[in-house]
Number of protein chains: 2
Amino acid sequence: MAVNLHIPSDDAVFPVAGVEIGVTEAGIRKANRRDLTVFRLSAGSNVAGVFTRNRFCAAPVLVCQEHLAASGPIRALVINTGNANAGTGEPGMQAAQETCRALATLMQLDSKQILPFSTGVILEPLPVDRIKAGLPGALKNLSENNWVSAAHGIMTTDTLPKIHSQRINLGGQTITITGISKGAGMIRPNMATMLSYLATDAGIAQPLLNQLAKELADVSFNRITIDGDTSTNDSFIVIATGKSGLTIDSTAHPQYDALKATLAAAATDLAQKIVRDGEGATKFMTIQVEEAKTTEEALQVAYAVAHSPLVKTAFFASDPNLGRILAAIGYAGINDLDVSGVKLWLGDVLVATKGGRNPDYQEADGQRVMKEPEILVRIALGRGNVSETVYTCDFSHEYVSINADYRS
Amino acid sequence: MAVNLHIPSDDAVFPVAGVEIGVTEAGIRKANRRDLTVFRLSAGSNVAGVFTRNRFCAAPVLVCQEHLAASGPIRALVINTGNANAGTGEPGMQAAQETCRALATLMQLDSKQILPFSTGVILEPLPVDRIKAGLPGALKNLSENNWVSAAHGIMTTDTLPKIHSQRINLGGQTITITGISKGAGMIRPNMATMLSYLATDAGIAQPLLNQLAKELADVSFNRITIDGDTSTNDSFIVIATGKSGLTIDSTAHPQYDALKATLAAAATDLAQKIVRDGEGATKFMTIQVEEAKTTEEALQVAYAVAHSPLVKTAFFASDPNLGRILAAIGYAGINDLDVSGVKLWLGDVLVATKGGRNPDYQEADGQRVMKEPEILVRIALGRGNVSETVYTCDFSHEYVSINADYRS
């Protein structure tokens with residue numbers, strides 16, 4: 001029951017020159033399920049990544065960071081579902097490295113040119129033999145036209161694949177941007193059990209790409225939350241193959257701002273798609289905090305509201321029990337907040353002002369907005385001029401079912 | 001479906017000399033429900049309170065703080081359910097004051113000698129006329145034997161009343177301690193939609209009682225969480241009537257330590273009873289964090305685990321999906337946490353060590369512990385020697401039902 005999650009038709013998913021993808025069923029946790037995906041990147045591609053800050057980060061995250069820091073250019077990605085290879089200690093590190101070595105041998109690469117990714121259950125040993133046995137099958141169907149298949153291949157509790165694809169004209173050249181993401185639970189800023197791969201055939205110099213990946217994450221994957229749980233495995237990878245002929249090597253390049261804005265919109269769309277497919281989601285909520293003194297306090301308030309189970313269950317019920325939002329604002333941690341300066345809107349309806357209910361507020365107006373599948377919650381703090389926006393979903397019976405049954 | 005929440009039999013609930021209680025049905029939100037409670041305190045009683053730190057704290061909380069700071073001794077409490085008088089701005093303040101004035105007139109007191117409390121829906125005007133109309137009825141049945149009735153009278157989404165009562169011998173004198181609490185949702189440290197009133201016939205000097213109330217809250221009501229939402233109305237009130245003849249005026253008094261320990265145990269029991277009756281609770285979990293460097297980091301980890309919806313749903317399912325606990329430890333915010341030093345036990349079962357799964361861990365052992373209604377989660381951080389314990393419950397379908405339906 002994803003909320004307005006649209007899947008582009010196959011002919012609207014554009015291949016990115018220089019990115020080939022192979023997907024196979026390796027039986028990692030369950031049979032008859034696409035669970036192993038390989039990306040092959042053409043020579044000249046640059047790759048940058050942003051990863052979870054969870055201290056129990058997974059073995060593949062540590063290996064990715066090591067390989068990205070090494071000098072050899074990245075030429076392949078390998079992604080398995082069914083097992084997160086997290087909380088697996090030293091044997092987990094060996095399993096991630098063994099996966100890279102096996103693929104390196106098959107592709108005639110150095111194992112440091114490969115980035116491994118895992119998503120699924122934590123604390124269980126990675127079945128590395130099944131992954132190794134599946135790799136030849138994945139390599140056999142490498143194709144530039146496999147983005148949709150890859151979007152399926154990286155799903156776990158996702159109900160739908162998440163794909164963004166577009167072509168834009170930059171200075172007379174056609175540039176393609178295509179990306180996929182996965183994730184539906186254990187989602188919160190910095191970041192989530194989410195994986196996302198965003199590719200363009202524009203060329204972007206490595207130092208610039210590193211910086212850009214971080215900036216893209218900050219406006220997209222670092223602004224979504226489903227359940228407040230930060231995963232051990234979150235990874236966001238940006239690939240720039242340069243095959244279009246356009247190459248950007250500094251922020252001063254005349255096409256840089258347009259490319260960055262397009263990539264940011266693509267990353268935001270892929271991030272929002274994760275929320276739209278949030279576990280059990282029936283509503284998509286945008287929490288917009290305005291008039292904050294700092295980014296930090298704007299986000300504190302936005303996440304307090306977005307994480308409140310009471311707020312989330314009220315949205316599930318379409319019940320304008322909006323005092324719960326005021327309570328969340330009040331406990332967000334701004335110790336000198338003057339509540340008499342706070343305003344709260346639900347959509348275009350002013351609900352609270354001067355520390356209490358807006359005298360003109362009618363419950364019927366709140367009810368009307370609450371019934372929509374997409375809801376804007378706007379909070380003005382009356383303290384400054386900083387705004388921040390985060391995206392989240394409601395909390396339903398289905399959420400409990402999914403997470404009480406996920407493993408068993 | 002409260003978890004091991006025992007209600008003492010009527011003859012095990014001991015009156016506290018100097019505390020009379022009257023309870024009535026005032027029809028504040030629903031008919032045929034005890035929703036208005038008045039305490040009358042004998043001359044010589046001292047009263048101290050600890051309140052929510054929510055910036056949107058309710059009007060009655062502000063009035064309580066003002067009246068406690070005034071010089072006139074507190075002689076009565078008035079508690080309504082059905083409406084929190086929170087998020088109500090200036091009209092809410094007037095409503096709380098009007099309630100005090102009405103009761104003051106009936107009891108021939110100054111309105112500053114009265115503490116008002118409200119619990120229920122936020123953001124709706126307090127029906128002060130119904131409260132005023134109910135007060136004579138509450139006063140008519142004032143009695144020292146009404147503690148059980150009061151425990152019912154302050155309930156909202158609670159399924160059971162919460163009462164603690166005991167007699168102890170201090171230096172040859174019998175001292176009575178009896179208290180009640182309410183709360184089942186919007187519960188988290190500092191504090192919760194919880195109200196608690198703990199009375200003793202020991203006398204405790206006012207400055208000492210003020211300090212003691214804070215210390216009692218810190219080991220009890222500030223160590224519980226159900227949903228991570230801090231309420232606008234939390235209040236914990238300690239009453240010392242002095243009617244027993246024992247009077248304690250400093251921490252050096254020979255009976256002080258024993259009285260404090262007994263009051264702390266009573267407050268902890270009343271706090272744990274709130275968790276045992278947590279909305280939809282089927283499990284009672286004790287999260288014990290050891291070997292932390294500081295109290296703050298121990299609590300950070302304990303609350304990250306206690307608030308994680310993924311952890312809470314796994315406990316609901318009795319599913320030892322324990323990687324979710326490691327993930328919560330990892331994102332708790334200790335940036336220099338060395339995960340190789342972390343140990344995790346479920347009950348007496350060592351689950352994780354050296355950054356990964358304990359090689360001897362058998363899922364059947366984890367499963368055995370998870371099936372119990374009371375579960376101890378022990379986490380050793382390997383960084384220092386500070387321990388902290390918090391109490392929480394699981395997250396069930398029933399939680400969503402209760403909070404999606406609470407108002408409508």
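At what angle do helix α7 and helix α9 of chain B pack, and how far apart are their axes? The legends below start with that pair. The model is predicted.

**View 1. Helices α7 and α9 of chain B pack against each other.** Helix α7 covers residues 295-307, and helix α9 covers residues 323-330. They pack at an angle of about 135°. Their axes are 8 Å apart. The two helices are therefore oblique to each other. Their crossing is right-handed. On the α7(B) side, the contact uses B:V301, B:A304 and B:V305. On the α9(B) side, the partners are B:I325, B:A328 and B:I329. This contact holds 6 nonpolar residues, no polar ones and no charged ones.

**View 2. Helices α5 and α6 of chain B pack at about 45°.** Helix α5 spans residues 206-219, and helix α6 spans residues 256-276. Their axes lie 9 Å apart. That angle makes α5(B) oblique to α6(B). The crossing is right-handed. From α5(B) come B:L208, B:L212, B:E215, B:L216 and B:V219. From α6(B) come B:Y256, B:K260, B:L263, B:A264, B:A267 and B:T268. Sorted by class, the contact has 8 nonpolar residues, 1 polar and 2 charged.

**View 3. Helices α1 and α2 of chain B cross at roughly 55°.** Helix α1 is made of residues 59-69, and helix α2 of residues 89-107. Their axes come within 8 Å. In α1(B), the contact residues are B:A59, B:P60, B:L62, B:V63, B:E66 and B:H67. In α2(B), they are B:G92, B:M93, B:A96, B:Q97 and B:C100. The classes are 7 nonpolar, 3 polar and 1 charged.

**View 4. B:Q272 sits in helix α6 of chain B.** Is B:Q272 buried or exposed? Its relative accessibility is 15%. The cut-off for buried is under 20%, so B:Q272 counts as buried. Set aside its neighbours within four places in sequence, and B:Q272 is in contact with B:F284 and B:Y391.

**View 5. B:Q255 lies in the loop between β12 and α6 of chain B.** Strand β12 covers residues 247-248. B:Q255 has 18% relative accessibility, so it counts as buried. Which residues does B:Q255 touch, not counting those up to four places away in sequence? They are B:L170, B:G171, B:L246 and B:I248. B:S340 is 85 residues from B:Q255 in sequence. In space, B:Q255 and B:S340 are 46 Å apart, C-alpha to C-alpha.

**View 6. A:Y361 lies in a loop of chain A.** The loop runs between β16 (356-357) and α10 (363-370). A:Y361 is at 5% relative accessibility, so it counts as buried. Leave out residues up to four places away in sequence. A:Y361 then touches A:P320, A:L322, A:V349, A:L350, A:V351 and A:G366. Take A:V351 from that list. A:Y361 and A:V351 are 10 residues apart in sequence. Their C-alpha atoms are 5.6 Å apart in space.

**View 7. Two residues of chain B, B:N4 and B:E291, have a positive phi.** Most residues other than glycine have a negative phi. For B:N4, phi is near 50°. B:N4 belongs to the segment before β1 (19-24). At 35% relative accessibility, B:N4 counts as partly exposed. For B:E291, phi is near 60°. B:E291 is part of strand β13, residues 284-292. B:E291 has a relative accessible area of 33% and is partly exposed.

**View 8. A rotation of 180° superposes chain B on chain A.** The shift along the rotation axis is 0.0 Å, and the RMSD is 0.0 Å. That is the relation of a two-fold axis. Which residue of chain B comes closest to the axis? B:H397 does, with its C-alpha at 2.8 Å. Of the interface residues of chain B, 100% are also interface residues in chain A, so the copies meet through the same surface.

How values were computed: Residues numbered from 1 in each chain as written. Chains lettered and ligands numbered in written order. Predicted model: local features only at pLDDT ≥ 70, side-chain atom pairs only at ≥ 80, totals over all residues. Heavy atoms only, no water. Axes fitted to C-alpha atoms, helices over the stretch in contact; angles between N-to-C directions. Helix = DSSP H or I, 4+ residues; strand = E, 2+ residues; numbered from the N terminus. Parallel < 35°, antiparallel > 145°, perpendicular 65-115°, else oblique. Left-handed = near helix turned anticlockwise from the far one by under 90°. Contact = heavy atoms within 4.5 Å. Nonpolar A, V, L, I, M, F, W, Y, C, P; charged D, E, K, R; others polar. Buried < 20%, exposed > 50% of the residue type's maximum accessible area, 1.4 Å probe, protein only. Least-squares fit on C-alpha atoms with pLDDT ≥ 70 in both.
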